[in-house]
Amino acid sequence: MLQVVFRALGPLEISVAGRPVPLQGARQRTIMSMLLLSPNRAVSVDALADAVWQGRPPATCRNQIAICVSALRKTFKAEAGVDRLIVTSHPGYLLDAAEHRIDAVEFEELVVLAREAARAGRAEQACARYQEALALWRGPALEGVTAERVEAEAARLTELRLTAYEEHAGIRLELGGHRELVGELTTFFRDHPLREQATAHLMLAQYRSGRRAEALETYREWRGLLAAELGIAPGPRLRELHEAVLNDAPGLGAPGESVTLAPVGAAPSQLPPDVAAFTGRRAELDRLDRLLVNLGGTALPVASISGSGGVGKTALAVHWAHQVGERFPDGRLFADLRGYDEQEDPHRPGAVLDRFLRALGVPGRQIPSEQHERTALFRSLLDGRRVLIVLDNARSFQQIGPLLPGSGRCCVLITSRDGLGGALAGDYAFVPLHLGPLDPDEAVELLARVAGSDRLAADPEGTARLAELCDCLPLALRIAGGRLAAKPHWPVRSLVARLEDGQRRLDELSPGGRGVRAGFGLSYRDLPATAARMFRLLGLLDLPEFAAWTGAALLDTSPTDAEDLIEQLVDAQLLEPLSADTGPVRYRFQNLLRLFARERARAEDSEEERRAAVYRAYGAWLGLAGEAHRRLHGGEHGDVHGPARVHPLPADSVEDLLADPLTWFESERAAIAGLVDQAVQEGEPELACDLMTVGVTLFHDGEGQEDWHLCG
């Protein structure tokens with residue numbers, strides 16, 4: 001048996017021992033391309049037919065596909081003596097690559113090796129691997145095969161090729177190959193004018209080759225193309241590079257240029273002003289003081305303040321930093337990393353290091369161009385110095401890792417919607433701090449500081465209700481207090497009345513399109529699609545708290561998958577977990593977040609989808625309550641009359657939940673009472689009746705008589 005060589009990185013070519021293997025017609029080429037793009041994986045007959053007939057296969061398509069495959073098998077048997085190259089495998093066929101060669105597979109393997117070498121610092125080896133991979137290309141992938149499915153996969157390969165070329169060019173720049181790169185990068189820029197990485201490489205190659213004016217012209221041309229084609233402005237990376245070229249920043253110089261450290265100037269003090277209306281947080285401030293105990297030790301003291309948008313993370317960090325600022329006479333550095341920002345991409349560590357080094361007295365011409373060299377210089381400067389570093393609005397550990405000094409005499413305070421504990425715990429003297437809403441008294445105090453204490457003292461009940469409607473969330477409280485301060489003729493009850501309307505509460509607390517809704521939106525924006533849908537559907541239920549099986553019913557998925565999705569919402573600070581010594585973990589919404597979730601559901605999910613999800617949730621409670629009744633008393637609880645049919649959960653989940661039926665009911669009776677009330681409010685009396693019927697015996701068996709009477 002001879003080795004068959006398949007070439008897909010260009011026009012489709014197949015050869016054996018240097019001899020071409022002929023294919024007969026477009027159908028054979030399309031089927032061969034489909035199999036070739038998924039080597040060793042079955043491709044269904046339906047997919048092959050869809051590709052061959054462009055989504056309109058005839059009734060005889062399966063027979064015609066079988067005839068084409070049979071002809072291909074005969075060709076490979078005749079040309080290479082291969083019997084099992086194309087194998088029948090349900091639901092279709094697969095290409096058994098075995099020891100045969102496929103250039104697309106070799107290309108991807110070489111790119112992986114190149115990246116591994118680059119990460120290990122073996123630049124020359126990486127460069128050779130990239131060059132070997134890119135040399136496999138002979139033109140557009142599978143050129144001439146017009147099936148949409150093939151074209152989509154060819155587009156993926158093309159994107160990988162372009163990315164690999166950009167990575168290869170970056171390594172060649174590191175190795176000093178800027179002069180030979182100018183010409184080919186210019187051609188690449190003309191062919192692919194909207195690729196940011198290639199544009200940056202071209203500008204840098206031009207600058208290092210003494211062609212500064214051309215580098216500036218490249219930026220001007222690229223900025224014009226972005227505006228004309230996409231209506232957007234260049235991102236922060238290209239803007240920073242443009243600024244560096246304008247200023248002849250020394251960091252742009254070719255690798256190997258020496259850097260001489262300049263004397264450090266006066267201690268920088270970059271902290272923003274303290275918040276005048278800062279209120280409460282005594283326990284949290286005391287916890288942050290633990291950082292000071294670890295100063296001077298072998299491990300760097302690091303604290304992370306996490307919490308939802310608008311909970312006051314930055315205010316707490318800045319307030320504490322001002323309180324302890326005198327303990328750090330060598331400087332107080334501050335950076336907003338824009339990890340969650342509506343208009344800007346997260347700031348790159350290299351750009352932040354550039355600003356920090358300049359603040360510490362390093363002349364711009366002596367700042368290295370490579371990020372790891374900037375980090376090394378930063379740590380050398382801070383060795384033995386007492387500097388406080390506040391990194392606000394961090395996105396990930398990858399963003400902050402290069403900004404952490406090596407000296408235990410320094411101290412770092414981070415705010416983030418992600419606690420970052422998994423990356424920080426163990427390696428640093430770490431103080432994790434999760435920030436929740438203010439307690440009610442603190443919330444009232446914050447309102448008074450913003451709107452005026454005399455005015456709020458005149459209506460203590462209205463003020464308490466106002467704080468409650470704001471979820472005691474500092475951002476919402478500041479906005480509400482600001483509304484009252486701007487309307488001195490309004491009594492507190494006027495604003496309370498506006499916020500009581502759940503349909504407009506977010507509008508009232510989101511002036512100018514920002515505020516509470518915008519803060520929640522930044523967390524919601526980055527959710528995976530399925531987690532975002534889970535968030536929206538959970539918001540449809542008025543529940544004080546719930547377990548993961550509720551989400552499983554809403555989304556019609558398994559309880560385990562539902563729990564994973566809900567934990568993603570917890571990580572995004574969109575849900576709050578409740579501690580559970582026994583039984584499943586339970587979760588709850590802040591009221592404002594529930595309103596936001598419901599708002600997104602109405603905007604993104606159809607009424608039919610929303611209703612079906614809610615009915616599944618009702619059906620899950622009906623099923624579990626009915627099974628709990630059967631286990632306690634035997635028999636059935638009665639027929640279901642409403643639109644929600646019983647929605648069964650997996651048997652093992654039911655067994656775990658109802659191991660003690662009364663204990664389960666005690667955990668769910670407030671939810672059932674809430675659902676009954678919601679059903680009545682939403683004009684679904686039969687739903688309410690079904691839940692009341694199935695719960696009546698359980699209410700009387702437990703301690704829920706008061707809830708039962710409220711339901712009734």
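A pocket, as used here, is an open set of points on a 1 Å grid over the protein atoms alone where a 1.4 Å probe fits, with protein on both sides within 12 Å along at least five of seven lines, and its lining residues have an atom within 4 Å of a point. Your model is predicted, so local features need pLDDT of at least 70 and side-chain atom pairs count only at pLDDT 80 or more, while totals for chains, interfaces and linings use all residues. Residues are numbered from 1 along each chain as its sequence is written, and side-chain values use heavy atoms, without hydrogens and water.

**Stop 1: the second largest pocket**

Select Gly310, Thr314, Asn393, Arg417 and Leu475, which lie nearest the centre of the second largest pocket among its 27 lining residues. Helices here are DSSP runs of H or I with at least four residues, strands are runs of E with at least two, and both are numbered from the N terminus. Helix α24 gives the largest share, four residues.

**Stop 2: along α21**

Stay with α21 and colour its buried residues: Pro474, Ala476, Leu477, Ile479, Ala480, Gly481 and Leu484. Buried means under 20% relative accessible area, with a 1.4 Å probe and protein chains only.

**Stop 3: the largest nonpolar core**

Next, pick Trp320, Leu466, Phe535, Trp621 and Trp664, the residues with the most contacts inside the largest nonpolar core, which has 112 residues. Such a core is a set of buried Ala, Val, Leu, Ile, Met, Phe, Trp, Tyr and Cys residues joined through side-chain atoms within 4.5 Å. Helix α29 (residues 607–633) gives the most to this core, eleven residues. Zoom in on Phe535: beyond its neighbours within four places in sequence, its contacts (heavy atoms within 4.5 Å) include Tyr524, Leu569, Phe589 and Phe596.

**Stop 4: the largest pocket**

Finally, select Arg237, Arg348, Ser369, Gln371 and Arg374, the closest to the centre of the largest pocket among its 35 lining residues. Helix α14 provides the largest share of that lining, six residues.

Technical notes
Buried < 20%, exposed > 50% of the residue type's maximum accessible area, 1.4 Å probe, protein only.
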